[in-house]
Amino acid sequence: MVAAQDPRREVVPVPATTDIANFVNSKSPDSKRQVFQLAANITYRVNALIILRAGDALSGAVPSGTPRMVGPATDPDPTTKLVNGAALESLIGLRGDNAITWLDMSGADYKGQQGTGSAISAGSGNDNTLIQFNRIHDNEIDHNTTESAALGSIGSGVKGIYEYEAGAITCMITLDMASRATCLRRIPL
Amino acid sequence: MLTKDTAVGSFNVHHNYLLHNGRAGVRHERNECSGAEFIAVGNVIQNNGWESVRGGVSIHDACDDPRSYVANNSFSGNAGNLAVRITDNGRSDRPDTKNVTVENNTMGGNIVKLGSGVSASADNIVIRNSN
């Protein structure tokens with residue numbers, strides 16, 4: 001399993017006032033493994049999909065104190081927040097062997113394509129993926145699966161997938177001149 | 001990008017708070033069966049599925065080897081009272097869901113539901129010791 005604090009990763013602080021997506025996306029293609037370390041008690045507005053190169057990590061600040069336990073589970077209560085600043089369909093895209101830790105993430109928006117509406121889109125996380133000590137909430141879809149355009153999509157906090165998302169109902173579809181989909185025949189799962 | 005040669009890996013969701021998401025808190029789905037695993041452990045998973053009933057954790061077409069493992073999570077308030085929803089598409093070109101263990105969770109009144117075509121015995125679905 002991938003470790004959140006992998007000593008092979010070089011720590012890269014992400015300034016509180018920076019455009020986080022631009023910052024990470026400009027540096028993540030570097031050949032060395034990196035952990036992008038975000039600041040405590042800061043809300044970063046995500047204006048473009050943050051894409052982590054395989055092997056890289058994104059981490060918020062580790063809060064002081066002991067996390068609250070809820071039964072056998074942990075409420076991590078992270079203080080570093082990522083919010084959707086541009087009506088994005090996902091906030092973070094994984095490319096494999098990534099770790100996402102100590103972040104509060106919300107607001108991913110369904111856009112009518114498969115795989116949208118997830119805070120973390122792990123569809124390309126082709127190797128080991130670790131998602132730990134995060135608060136992932138209020139990611140949504142604007143339509144439901146009774147609409148053909150929403151079929152095959154998801155509004156999850158986290159989505160891990162190795163091909164494509166199948167909705168609650170699979171349809172044979174046709175597209176009209178405006179590329180609007182119509183469900184010809186529904187195939188219940 | 002996943003290829004058939006690099007399918008060995010793991011999808012680990014540990015100690016998160018997954019709250020009020022439109023569909024599942026976590027969705028795990030596969031298109032092949034070789035050597036990967038899904039582990040969801042120690043998460044608080046509450047009030048998800050308000051746009052579509054998929055429950056707190058949705059496992060779909062996942063035939064992971066060794067398994068999908070959902071343990072020590074705390075569920076409550078998920079739509080349809082679904083803590084974990086285990087489903088299979090039924091399509092011949094997709095994996096058959098199997099090898100899922102759900103144990104030692106606090107269910108908070110939520111349940112584990114198997115979809116049609118998923119058999120606890122034939123597909124090695126183990127559900128135990130949750131309250």
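What radius of gyration would a compact globule of 131 residues have, and what is the value for chain B? In the predicted model, chain B has a radius of gyration of 14 Å, which agrees with the value near 14 Å for a compact globule with 131 residues. Along the principal axes, the C-alpha atoms of chain B fill a box of roughly 40 × 30 × 30 Å.

Chain B contains 12 strands and zero helices, and its pattern along the sequence reads β-β-β-β-β-β-β-β-β-β-β-β. Buried residues account for 58% of the 131 residues of this chain. When contacts in chain B between residues at least 6 apart in sequence are considered, 85% of them join residues at least 24 apart.

Chain A, with 189 residues, has one helix and 17 strands. Of the residues of chain A, 49% count as buried. Among the contacts of chain A between residues at least 6 apart in sequence, 61% link residues at least 24 apart.

One position in chain B was examined individually. B:Ser119 lies in the loop that runs between strand E11 (111-114) and strand E12 (125-128) of chain B. B:Ser119 has 14 C-beta neighbours inside 10 Å and therefore counts as partly exposed, because that class falls between the limit of 12 or fewer for exposed residues and that of 20 or more for buried residues. The C-alpha atom of B:Ser119 is separated by 10.0 Å from that of B:Ile86, a residue 33 positions away along the chain.

Notes:
Residues are numbered from 1 along each chain as its sequence is written. Chains are lettered from A and ligands numbered from 1 in the order in which they are written. This is a predicted model: local features need pLDDT of at least 70, side-chain atom pairs count only at pLDDT 80 or more; totals for chains, interfaces and linings use all residues. Helices (H or I, at least four residues) and strands (E, at least two) are DSSP runs, numbered from the N terminus. The radius of gyration is taken over C-alpha atoms; the globule rule is 2.2 Å times the number of residues to the power 0.38. Two residues are in contact if their C-beta atoms, placed from the backbone, lie within 7 Å.
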